[in-house]
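This report goes through one protein model, from single residues to the whole chain. The sequence and structure come first.

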Amino acid sequence: MLMQLTCFAQGNSQQIIDQINSATSKLSSMQCDFVQTKTVKILNEKLVSKGRMWYQQPNRLRWEYLTPYTYTFVFNGAKVSLKKNNRNDVIDVNRNRMFKEIASIMMNSVVGKCLTDRKSFRTTVKDTSAEWVATLVPLSKELKQMFTGIVLHFNKEKNVVVKVEMLEKNGDTTAIVLNNIIKNHKIDAKTFTVD
């Protein structure tokens, strides 16, 4: 895992972290719809895309864009498969460190596993009435080149991440909102392959 909380927030930060870890440790699988909004600072423009996501323990993720374009990203163990139009690419993440970090950030952020590795992020936690908000500031050189921060919103009632915000170094932001979340249902193994 690439991320972990090193909490500097006061009071019950460790209790919050423990609650989040407890909730996410019971998550064997998850599927949902998502809406991704990318704000491009230089153009003052918002680009909205929609799709579907599937996750299964310990290391399987399918991230599929459906509109306005089709694009599929599948992380299955040490391999990442990318499909766009009729082109399929397979990448061995163990041979590409940057790609491995990006793949892990995607997977771990969506399911809240980012609270288990202290060397990549310094994190603060905020408790609101409806959610816990974890703000992760990159510590590694590679991540600092991409992000100034990642913000995770954990819904207390659902015990899952419902929104991920990625703050890029160039001033762009990407917000991903997860909807229609289904937890711990069996997912066909074929979901994590690309045809």
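Met30 counts as buried, at 0% relative accessibility. The model is a predicted one. Met30 belongs to strand β1. Its C-alpha lies 9.0 Å from the C-alpha of Lys186, although Met30 and Lys186 are 156 residues apart in sequence.

Met30 is also among the residues with the most contacts inside the largest nonpolar core, together with Met53, Trp63, Phe73, Phe75 and Ile150. This core has 37 residues. Strand β10, residues 160–168, gives the most to this core, with five residues. In soluble globular proteins, nonpolar side chains tend to be buried together.

## Aromatic pairs around Phe34

How many aromatic pairs does the structure hold? There are four aromatic pairs. One of them joins Phe34 and Trp63 in a stacked arrangement, with 4.3 Å from centre to centre and 20 degrees between the planes. Because Phe34 lies in strand β1 (residues 29–40) and Trp63 in strand β3 (residues 60–67), this pair ties together parts that are 29 residues apart in sequence. Both Phe34 and Trp63 are buried.

Phe34 also pairs with Tyr65, here edge-to-face, with 5.4 Å between the centres and 90 degrees between the planes. Phe34 is in strand β1 and Tyr65 in strand β3, so this pair ties together parts that are 31 residues apart in sequence. The relative accessible area is 1% for Phe34, which is buried, and 11% for Tyr65, which is buried. Ring pairs link Phe34, Trp63 and Tyr65 with Tyr69 and Tyr71 into a cluster.

## Gln36, a buried polar residue

Is Gln36 buried or exposed? Gln36 is buried, with a relative accessible area of 11%. Gln36 lies in strand β1, the strand that also holds Met30 and Phe34.

The side chain of Gln36 makes a polar contact of 2.6 Å with the side chain of Tyr65.

## Backbone exceptions

Most residues other than glycine have a negative phi, and most peptide bonds are trans. Pro58 sits in the loop between β2 (45–56) and β3. The peptide bond from Thr67 to Pro68 is cis as well, with omega near 0 degrees. Pro68 is placed in the loop between β3 and β4 (71–76).

Asn159 is not a glycine but has a positive phi of about 60 degrees. Asn159 is found in the loop between β9 (147–155) and β10, and is partly exposed, with a relative accessible area of 32%. Asn180, also not a glycine, has a positive phi of about 50 degrees. Asn180 is in strand β11 (residues 173–183) and is exposed, with a relative accessible area of 54%.

## The chain as a whole

The secondary structure comes to three helices and eleven strands. From the N terminus on, the order of the elements is α-β-β-β-β-β-β-α-β-β-α-β-β-β. Of the 195 residues in the protein, 43% are buried. Among contacts with a separation of 6 or more, 50% are between residues 24 or more positions apart. The protein exposes about 10500 Å², of which carbon and sulfur atoms supply 50%.

## Confidence

The average pLDDT of the protein is 82, and 86% of the residues score at least 70. Over residues 1–11, pLDDT stays under 50. For residues 1–11 the model has 51 contacts beyond four places in sequence.

How values were computed. Residues numbered from 1 in each chain as written. Predicted model: local features only at pLDDT ≥ 70, side-chain atom pairs only at ≥ 80, totals over all residues. Heavy atoms only, no water. Helix = DSSP H or I, 4+ residues; strand = E, 2+ residues; numbered from the N terminus. Buried < 20%, exposed > 50% of the residue type's maximum accessible area, 1.4 Å probe, protein only. Contact = heavy atoms within 4.5 Å. Areas by Shrake-Rupley, 256 points an atom, 1.4 Å probe, with all protein chains shown as cover. Core = buried A, V, L, I, M, F, W, Y, C linked by side-chain atoms within 4.5 Å. Phe/Tyr/Trp six-rings, centres within 6.5 Å; stacked < 30°, edge-to-face > 60°. pLDDT = per-residue confidence, 0-100. Polar contact = N/O pair within 3.5 Å; in protein donor to acceptor, adjacent residues only side chain to side chain.
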